[in-house]
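Colleague: Before I rely on the labels attached to this model, I would like to hear how each of them was reached.
Modeller: Then let us look at it together and take the labels in turn.

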Amino acid sequence: MSPEPPASRPGAWWVAGLAVVVAAPLLAASLRAEGGGPGTVAGWALGIALIWTVGGLLIMRLAPSDLAGRAPGRAPKVAVAAAGVGLAAASLAGGLVLAGVPATAPWVAGPVAAAADGRWGVLAVALVAGAAEEVFFRGALPRLLTGPARWVVPTAVYALVTLCTGSPALAVMALLLGPVAMWARETSGSLAGALFVHALWTLTMVGLFPAVVVRVGIAG
C-alpha cells in the first residue's frame, strides 16, 4: 500500500500550523525577556525547542517517512562532513564581514553579546534548540510536501520564524542553513545528517564566532 499523499494528512498539517503559530510569537516574546538574564532566555529557548520537538514527533507519527526506500550516496559521511564544514566556514566569514561593516554591525551585535554572556550555557541551549529545529523543519515538515516544495517551504518558514528574533543576520543564515541541512538529510538518508550540519554550525557561530569577533577587534 502506497503512502498517503500530503493533501490527505490534515491532522499533520494542523499540527504543523499550530506549532509555527505558537512558537513564532514566543520567539519574539523571548527577546523582551533578556532583562531577566541568561537563565530566563534559556528557559524561553528550551520551551520553544519543546514545541518544535513535540510538533515534529507528532507529524512524524501522522505522516509516513518520505525517506523510505532511498539509498544514501556512496560516501554520505564524507559528503555531509564537507558540507557542514563548508557552511560553518562560509557563515563565520560572512558574519565577520557583517560585523566589520558599520551598516550591518548591529545585525550581529545582539547575538554576539548573548553568546558572550555565559557562553557555555548559551552554547548548550543553542545545540538543543538547533536539534529541535531540525526535528521539525527537516525531519517532519518535508513529509507533508512533494517536489521542490519539500525544500523551499520548510526553508522559507524557518527563515520567517527566525526573523522573529529581530536579527536579519540570523534570518539570512537560516536561508543558507536550511538547504544545506536538507541536502545532508537526503544524502545521508536520515535526519542525522541534518543534525550534524546544524550542530557544527552552532558550535562555530555560537561557540567560536563571538570570540573571533572580539579577538580581531571588531566587536560593537
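Modeller: Among contacts in the protein chain between residues at least 6 apart in sequence, 78% join residues at least 24 apart. Please keep in mind throughout that this is a predicted model.

Colleague: What is the secondary structure of the protein chain, and how do the elements run from the N terminus on?
Modeller: The chain comes to 8 helices and 0 strands, so that the order of its elements, read from the N terminus, is α-α-α-α-α-α-α-α. Buried residues account for 41% of the 220 residues.

Colleague: How do you know that the span of α3 is close to what is expected of a helix with its number of residues?
Modeller: The expected span is 1.5 Å times one less than the number of residues; α3 has 25 residues and reaches 36 Å from its first C-alpha to its last, which is close to the expected 36 Å. Several residues of α3 are buried, among them V80, L87 and L92.

Colleague: What makes E133 a buried residue without a salt bridge?
Modeller: A salt bridge needs a side-chain nitrogen of Lys or Arg within 4 Å of a carboxyl oxygen of Asp or Glu, whereas the nearest side chain of opposite charge to E133, that of R138, is 5.8 Å away. E133, which lies in helix α5, does make a polar contact through its side chain with the side chain of Y158, at 2.8 Å, and that value falls within the 3.5 Å cut-off for such a contact. Not counting residues up to four places away in sequence, E133 touches W52, R138, Y158 and H198.

Colleague: Why is the pairing of E134 and R138 called a salt bridge?
Modeller: Their side chains meet at 2.7 Å, N to O, and because the limit is 4 Å, the pair qualifies. Both residues lie in helix α5, 4 residues apart, about one turn of the helix. In general, an α-helix has 3.6 residues a turn, so residues three or four places apart point the same way.

Colleague: Why do E134 and R138 count as buried?
Modeller: Buried means under 20% relative accessible area; E134 therefore counts as buried at 0%, and R138 likewise counts as buried because its value is 1%.

Colleague: How many salt bridges does a search of the whole structure find, and which residues are linked in a network?
Modeller: The search finds 3 salt bridges, and R150, R185 and E186 are linked in a network. The side chains of R150 and E186 meet at 2.6 Å, N to O; R150 lies in helix α6 and E186 in helix α7, so this pair ties together parts that are 36 residues apart in sequence. E186 also forms a salt bridge with R185, where the closest N and O atoms are 3.7 Å apart, a value still within the 4 Å limit.

Definitions and conventions:
Residues are numbered from 1 along each chain as its sequence is written. This is a predicted model: local features need pLDDT of at least 70, side-chain atom pairs count only at pLDDT 80 or more; totals for chains, interfaces and linings use all residues. Side-chain values use heavy atoms; hydrogens and water are left out. Helices (H or I, at least four residues) and strands (E, at least two) are DSSP runs, numbered from the N terminus. Buried means under 20% relative accessible area, exposed over 50%, partly exposed in between (1.4 Å probe, protein chains only). Lys and Arg count as positive and Asp and Glu as negative; His and the chain ends are not counted. A polar contact is a pair of N or O atoms within 3.5 Å; within protein, one must be able to donate a hydrogen and the other to accept it, and residues adjacent in sequence count only if both atoms are side-chain atoms. Contact means heavy atoms within 4.5 Å.
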